[in-house]
Amino acid sequence: MTPPGIHDVKVRAIVNSGGGVAAEAELVLSDGTIGRGSAPVAIKPGRRERPVTDYLRIGSPPPVDVVKALSALSDRSRDGQEAVDAWLDGQLPVLGTDVALAVSLAYARAAATASGRWLYSYFASLSRTEPAFPGLLAAVVSGGLHRRGHGVPFQQIMFATERLGPGQAIPLILEAYRRAERLFEAHGLLLGHSASGGMLLDSADLSLTLGLLSEHLEHTGAGAGLSLAVDVAAEHLWTEDGYLLGERPLGPESVMERIADLATLYPITFVEDPFTSEHSVWWARLRERLPHHVAVVGDDLYATNRAYLDPSLADGIVLKMNQVGTVSAALRTSVQAAAYGMSQCVSHRSLETEDTSVADLAVGVAARWLKIGGPRRGDRTAKYNRLLRLEEALRA
């Protein structure tokens, strides 16, 4: 069946979770079906990411050249998602990855609705996968760029669940998170919450933080089915003198030993971006050094671009649609990663919108994990709630 063509598409600036600007697109098909999509923003993009736009302003229309470019989209729309996304990919220098993704998601939602499907089912049909619920990674402590030298060096410390249905996984996370809040308050450490919903602590002591969380999981009973996951975000810790993981910069070998020690001492099962892409040899060495139950996963290393995929470096890949700019590009990377036997983690970004497409994507491609933020902001809880609705839909 030939999909309906695009009748109209509009792009606007909306507010992201950090009080900045995000791109939103509203698209109307020729049969009247409407789709809407918005793109999150990184707190600091990785070096391998394709660039976002800088022309969107709240309350102002996009530039004339952008409006003119989007007006040509209807000519490609009857061939479906891949044709639309191929055109958007060619327009990335004009549009930026955030505007391109917003349009790509708007088309995906409209096309899914027009065909009578949920978005997760639409994604599954494009990637030819059998939908399944992921394990959840919920930010509990935010450091790194969220505290800019004043908190723990890791970007995120997260609670990780097994691959459970949302009705089981989400209550585990909510209870563990509440208890962790009370724990950090009791120690006088809790300062507030980051844009990702993780807690901001008045401490840069990584061992203290991990130790408190580990003891919390072990002795309160809240940790049944939970472990810890860490996002080192090494690209943002690297300087000419080494990685800033403590009082003095560390070389790659020292970082490897530090992470290996932490994985031995604490119930860590997931390590993201332990090194920069330039230190690729150390990724493989860390994998050999860690226990088999600990997954090493690449984010900035791969930037959701299949051209960078190398299964010898990491056990898995983080999928962030706005790193490549279209649904189709992200799905191609997902399919290639699966062919390599790599686990997949679909992820939010630090500066989010209410868009819940990451939940549908994680279920649609049967990702091993969904990184979703802490359950303390509306933009994050929207994704948790979307999972609960998807669970009902899949059971129906």
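Which residue of E12 does phenylalanine 270 stand opposite? The answer is in point 2, after the ground rules.

1. Basis. This is a predicted model, in which local features need pLDDT of at least 70, side-chain atom pairs count only at pLDDT 80 or more, and totals for chains, interfaces and linings use all residues. Residues are numbered from 1 along each chain as its sequence is written, and side-chain values use heavy atoms, with hydrogens and water left out. Helices (H or I, at least four residues) and strands (E, at least two) are DSSP runs, numbered from the N terminus.

2. Phenylalanine 270 stands opposite alanine 295 in E12. Strands E11 and E12 run parallel and are joined by 3 bridges; two strands pair if DSSP finds at least two bridges between them. E11 also pairs with E8 in the parallel sense, over 4 bridges, and here aspartate 231 stands opposite glutamate 272 in E11. Strand E11 (residues 268–272) is mostly covered, with 4 of its 5 residues buried. Buried means under 20% relative accessible area, exposed means over 50%, and partly exposed lies in between (1.4 Å probe, protein chains only).

3. Strands E12, E13 and E14. Strand E12 (residues 295–298) pairs with E13 in the parallel sense over 2 bridges, and valine 297 stands opposite glycine 316 in E13. E13 pairs in turn with E14, again in the parallel sense, over 4 bridges. Glycine 316 stands opposite serine 343 in E14. Within strand E13 (residues 316–319), Gly316 and Val318 point one way and Ile317 and Leu319 the other way, and all are buried.

4. Lysine 371 and aspartate 231. The side chains of these two residues meet in a salt bridge, at 3.6 Å from N to O. Lysine 371 is in strand E15 (residues 369–371) and aspartate 231 in strand E8 (residues 226–231), so the pair ties together parts that are 140 residues apart in sequence. A salt bridge is a side-chain nitrogen of Lys or Arg within 4 Å of a carboxyl oxygen of Asp or Glu. Lysine 371 is buried, with a relative accessible area of 4%, and aspartate 231 counts as buried at 7% relative accessibility.

5. Other salt bridges. The count comes to 22 salt bridges. One of them joins the side chains of arginine 349 and glutamate 49 at 2.9 Å, N to O. This pair links distant parts of the chain, 300 residues apart: arginine 349 is in the loop between strand E14 (343–347) and helix H11 (357–364), and glutamate 49 in the loop between strand E3 (34–39) and helix H1 (64–71). Both arginine 349 and glutamate 49 are buried. Aspartate 379 and arginine 380 meet in a salt bridge at 2.5 Å, N to O, and both are buried. Arg12, Glu24, Glu26 and Arg36 are linked in a network of salt bridges.

6. Serine 334. This residue is found in helix H10 (residues 327–339). Serine 334 counts as buried, at 2% relative accessibility. Leaving aside neighbours within four places in sequence, serine 334 is in contact with Leu319, Gln344 and Val365, where contact means heavy atoms within 4.5 Å.

7. Largest cavity. The structure holds 3 cavities of 30 Å³ or more. On a 1 Å grid over the protein atoms alone, a cavity is a set of points where a 1.4 Å probe fits but cannot get out, and a pocket is an open set with protein on both sides within 12 Å along at least five of seven lines; lining residues have an atom within 4 Å of a point. The largest cavity holds about 220 Å³ of space. It is lined by 22 residues, of which Gln155, Asp231, Asp299, Lys320 and Ser350 are the closest to its centre. The lining of the largest cavity divides into 3 nonpolar, 9 polar and 10 charged residues. Ala, Val, Leu, Ile, Met, Phe, Trp, Tyr, Cys and Pro count as nonpolar, Asp, Glu, Lys and Arg as charged, and the others, Gly among them, as polar. Grid points are joined across faces, edges and corners, and a volume is the space filled by probe spheres set on the points.

8. Largest pocket. About 380 Å³ of space lies in the largest pocket. Its lining has 21 residues, with Gly151, Pro153, Leu244, Leu245 and Gly246 nearest its centre.
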